[in-house]
Amino acid sequence: MVRLARPLENLIDQLLRLPTIGPKTAQRLALYILKLPVDEARLIADAIVAARENVFPCSQCGYLTDTDPCSLCLDTQRDNSILCIAKESSDIISIERTGYNGRYFVLNKDFRLLGDYRLDELDLKPLIDKLASGEIKEVVLALNPDIDGEVLSRYIADMARQYPVRITRLAHGLPVGGDIEFADEITLRRAIEGRKDF
Ligand SMILES: [Zn+2]
């Protein structure tokens with residue numbers, strides 16, 4: 001039986017380690033990379049290493065940055081009285097598009113109820129310091145509307161309640177273009193709870 005060249009096999013194996021990449025996609029990407037000029041292939045490889053070496057969570061808010069504090073924390077135009085708690089930096093990018101102009105705290109942990117770390121392993125010290133400063137009046141929980149997000153939200157809310165802050169969470173509702181008939185029970189219940197004047 002014919003084998004793939006060792007370096008090609010190795011590239012496929014490495015690509016397979018990435019999330020959402022299955023064997024077929026890994027093979028397609030590897031073959032695509034082989035057709036690139038060497039300089040372009042090197043740009044991709046260098047970008048991976050440079051990002052890994054130079055990007056880290058901001059010590060104040062957890063947003064992925066290459067300067068500490070990050071540009072969001074240094075922005076003096078933002079509202080210091082409102083703090084949005086999100087799971088990942090990618091969530092911040094989405095929330096920024098809405099025009100939200102408060103502060104952030106990013107957990108950077110992919111919490112899973114059945115996963116391998118406990119809630120008390122979360123490093124909430126920077127968050128506690130922020131709450132203790134007295135500047136924050138509202139904490140917005142912007143975690144995913146699933147069981148894991150729910151458990152995490154309750155855990156953080158219980159901690160935040162020790163401080164005089166209003167605790168809110170994103171209203172969850174029906175997706176635009178969605179069909180009530182096909183909405184799952186949790187989504188529909190949240191949509192009813194989060195109803196507004198019309
Ligand atoms: Zn920051």
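Here are some numbered notes on the fold, from the whole chain down to single residues.

1. Ground rules. We're looking at a predicted model, where local features need pLDDT of at least 70 and side-chain atom pairs count only at pLDDT 80 or more, while totals for chains, interfaces and linings use all residues. Residue numbers start from 1 along each chain, as its sequence is written.

2. Elements. The protein chain carries eight helices and six strands; helices (H or I, at least four residues) and strands (E, at least two) are DSSP runs, numbered from the N terminus. Read from the N terminus, the order is α-α-α-β-β-α-β-α-β-α-β-α-β-α.

3. Overall shape. Along the principal axes, the C-alpha atoms fill a box of roughly 65 × 45 × 35 Å.

4. Burial and contacts. Buried residues account for 16% of the 198 in the protein chain. Buried here takes 20 or more other C-beta atoms within 10 Å of a residue's own, exposed is 12 or fewer, and partly exposed is in between, with C-beta atoms placed from the backbone. Of the contacts between residues at least 6 apart in sequence, 46% join residues at least 24 apart; a contact means C-beta atoms, placed from the backbone, within 7 Å.

5. Helix H3. H3 (residues 38–54) has 17 residues and spans 24 Å from its first C-alpha to its last, close to the 24 Å expected at 1.5 Å a residue. The expected span is 1.5 Å times one less than the number of residues. The number of buried residues among the 17 of H3 is zero, so the helix lies largely in the open.

6. The sheet. Four strands form an open sheet in the order E4-E3-E5-E6, with parallel pairing. Its edge strands are E4 (102–106) and E6 (166–169), each pairing on one side only. Neighbouring strands are turned by 25° against each other on average, direction ignored. Pairing requires at least two bridges found by DSSP between two strands.

7. Bridges, pair by pair. E3 (residues 79–86) runs parallel to E4 and is joined to it by five bridges, with Ala86 opposite Val106 in E4. E3 also pairs with E5 (residues 138–141) in the parallel sense, over four bridges; here Ile85 has Leu141 as its bridge partner. Four bridges join E5 to E6, again parallel, and Glu138 stands opposite Arg166 in E6.

8. A helix on the sheet. H5 (residues 89–96) lies across E3 and E4, running at about 130° to E3. Axes are lines fitted to C-alpha atoms, for helices over the stretch in contact, and angles run from 0 to 180 degrees between N-to-C directions.

9. Two backbone spots to check. The peptide bond from Asp68 to Pro69 is cis, with omega near 0°; Pro69 is in the loop between E2 (64–65) and H4 (71–74). Thr20 has a positive phi, near 70°, in a residue other than glycine. Thr20 is in the loop between H1 (6–16) and H2 (23–35), and counts as exposed because it has 5 C-beta neighbours inside 10 Å.

Notes: Contact = placed C-beta atoms within 7 Å.
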